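Subject: Structure handover

Hello,

Here is the structure for you to look over. Please open it alongside this note.

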Amino acid sequence: GSEEIFVGSRLRANAMDGDQVEVSWWVGPRGLEGQVQKILTRGRTKLTGTLVQKGRSTQLQPDDPRIGFAVELTGELLGGQPGQAVVARIVSYPHNANESVTVQVTKILGDPDDPRTEVEKILANAGIEDTFPPEVEAEAQAFATEVTEADKVDRADLRHVPFVTIDPETARDFDDAVALEPHGQGFRLWVAVADVSHYVREGRPLDAEARVRGSSVYLPNRAIPMLPEALSSHMCSLVPQQDRLAMVVRVDFDRHGVPKDADFCAAVIHSRERFDYPGVAAALDGDLRGKRKKYEPYLPALQVMEGFAAVLRRRRMERGALDLDLPQAVVELDQDDPRLVRNVRQSRKDPGERGAYGMIEEFMLAANEAVARSFTQREEDTLWRVHDAPSLERIETFSTLAESYGIEVDLEETRTPLGLSRVLASLKGHDAEKALSFQLLRSLKQATYDVVNIGHFGLAAGDYLHFTSPIRRYPDVVVHRLLKRRLASLGKPAGGFPAQDARPLLPSREALAAVALASSQTERKAMEVERETVDVYRTFFMRDRVGDSFDGTVSAVTSCGFFVTIPEPFIEGLVRIEDLPDDEYDFDERTMRLSGALSGNSVALGESVRVEVINVSVPRRKIDLRLAGELTPSTGGRRPGRSRSRSDKARKSGKHQANAHAKSGPRAQTRSKTRETAEPERKGRGTASPSKAAKGKTARKAGKSGRHGRR
């Protein structure tokens, strides 16, 4: 099942955090409790920490406080000096709770007082490499730097189609291009997607590395690509004014945005121009000055695209697709000194730029759905992008919370996409709109990859998969191969597939399931790395702000305190219950409210508070706050709900939660959650977003969880 089992430190044997273990369990006072019986697989292969001098020996002080074993260094230190941060490989694991972990230094990271060092630690712990193995780079470099005549064999020539790319200003790779033409009483949409599978062949080093990475990782100061730059930024990138290989989706719509026909082929295309979101927004607003003069010949086409995208969006919203627009965090680093964090702010897109982004998003969603429908119609196996309906238990929990704020929720209706979208709409304008929207978002399950199609709840789509971003997502590459195999069997242009590959024509369902599971796991890992990296920069930025006061909003309430989101700078922190004014506080986990039994003061979602920064911990990625103003007296305007626990009890039950939440704030990673529900297909590089939520007594269970993105 999905229940969590609490294992006390004395009952964990020689297990370490991240290990897969076999446990015996029983029902205890804190729920399910257990004892480690056997270690199945080790989860850690390396540690990060700081070299420290103790007497005449140098030792490693691990960063992770969950390493409860003594750490013994062996081998050379590679020139490392006390005070420097390092990565160390685990040489031997403890056989019992009294033994040490033996490690050997493999990499010197440098000054711990540098955010880049902390980021390198995150990447090391996640097993994400910034460079590619030599054999992978060699294979990527071996390809021709231009499309050859041999590459064009078995491809449709679509160089006459007026494709353009529209991406963020900072984009370095362009994996999709679009064109829209009048067709009968409706429109013909062309979506060309980089033909990565032409270069990344099954069984080759490039393929093995792409599968291990699973996806690109986007950090505030750089991207770690899934493919070497020779492919990701050149031969697989649909750069303008050059022939490129592509998999092309053609969808014919009526004027109401209803798809009537679709076709697919391997092709060679020639993108006319490279556009960006701000430029498209300005052009559509009539600004064609200076460098935006290049948009003028395409303005009529862009206007048609804008209008048709609005039709597609309206139709998608009408069927119940969730409209989730939670803020994202943007880390601004000093251009001359990347150690300095200038600001952490919320992303600011003006309405025009947001419209340009949404226009391409609609076209990518339409292409993904068209390909997905074709697999359903032919009853063929593929890698589906699935998103299950929320459980009744979680919807009931949210319903109780919403009703305490005067918002009625129909339980059965809310388990449908259309019903849930109506609930989201009903939150508009409410004082606690953002906090409640986030709590509703947390009630949703995570989107994953699977070989069983259960539909996509967040998109209100019966058939959905990922097809349009193969440069940065491995599942898209797999779907391309499966589509090529079908095209080859039908005698349609398939880019020479499968003659180019000696692998079996169809992978087994079990093999696809293994890819689906691995892709879901690597996606989750990338999201966690992106989230934690932003938290590093947030804490570095706030180190010099201890003692400063800010206005913020209560975004989550737990038995150990409450989280506050500060809009500028865009950070989150915890006000612990022990730092509240003297009183006995009742915590109601159904309504997420703390109430002072003596004073009548209360803390609830959405309330404005003034807080002071009292402590910042970079290693633990946490910011501690305390009230700098008065709490709000309970007015009875909201139904209070039944009191569940007094402050002493709340502090006791919240003690282990405080540790669990030490590295995270009240919000789930915005990009990850958006990807899990609305599935936008574009990504502003260099952005990241808030961290995971905590929810009082349910924190251990519910705390599991976030371009394009991972959405």
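First, the ground rules. This is a predicted model: local features need pLDDT of at least 70, side-chain atom pairs count only at pLDDT 80 or more, and totals for chains, interfaces and linings use all residues. Residues are numbered from 1 along each chain as its sequence is written, and side-chain values use heavy atoms, leaving out hydrogens and water. Helices (H or I, at least four residues) and strands (E, at least two) are DSSP runs, numbered from the N terminus.

Helix α5 and its cover

Start with α5, residues 277-284. Seven of its eight residues are buried, so α5 is largely enclosed by the rest of the structure. Buried means under 20% relative accessible area; exposed is over 50%, and partly exposed lies in between (1.4 Å probe, protein chains only). The buried residues are Tyr277, Pro278, Gly279, Val280, Ala281, Ala282 and Ala283. Their cover includes β10, β17 (273-276), α6 and α7.

α5 packs on α7 (residues 351-377) at an angle of about 110 degrees, with the axes 8 Å apart. That makes α5 roughly perpendicular to α7. On this scale, angles under 35 degrees count as roughly parallel, over 145 as roughly antiparallel, 65 to 115 as roughly perpendicular and the rest as oblique. Axes are lines fitted to C-alpha atoms, for helices over the stretch in contact, and angles run from 0 to 180 degrees between N-to-C directions.

Which residues meet? From α5 come Tyr277, Pro278, Val280 and Ala281; from α7 come Gly352, Glu353, Ala356, Tyr357, Met359 and Ile360. Contact means heavy atoms within 4.5 Å. By class, this contact of α5 with α7 has eight nonpolar residues, one polar and one charged. (Ala, Val, Leu, Ile, Met, Phe, Trp, Tyr, Cys and Pro count as nonpolar, Asp, Glu, Lys and Arg as charged, and the others, Gly among them, as polar.)

Helix α6

α6 covers residues 299-318. Buried residues in α6 are Leu299, Leu302, Met305, Phe308, Ala309, Val311, Leu312 and Arg316. Just after α6, glycine 320 takes a positive phi of about 115 degrees.

Helices α1 and α13

α1 (residues 115-126) packs on α13 (residues 509-542) at about 160 degrees, with the axes 10 Å apart. The two are therefore roughly antiparallel. α1 contributes Pro115, Glu118, Val119, Ile122, Leu123 and Ala126; α13 contributes Lys525, Val529, Glu532, Thr533, Val536, Tyr537 and Phe540. Nine of these are nonpolar, one is polar and three are charged. α13 itself is mostly covered, with 24 of its 34 residues buried.

Alanine 88 lies in strand β7 (residues 85-92). Alanine 88 is buried, with a relative accessible area of 0%. Its C-alpha is 5.3 Å from that of threonine 106, 18 residues apart along the chain.

Threonine 165 sits in strand β10 (residues 164-167). Threonine 165 is also buried, at 0% relative accessible area. Leaving aside neighbours within four places in sequence, threonine 165 contacts Phe174, Asp176, Ala177, Leu238, Ser271, Glu273, Arg274 and Phe275.

Best wishes

Notes
The expected span of a helix is 1.5 Å times one less than its number of residues.
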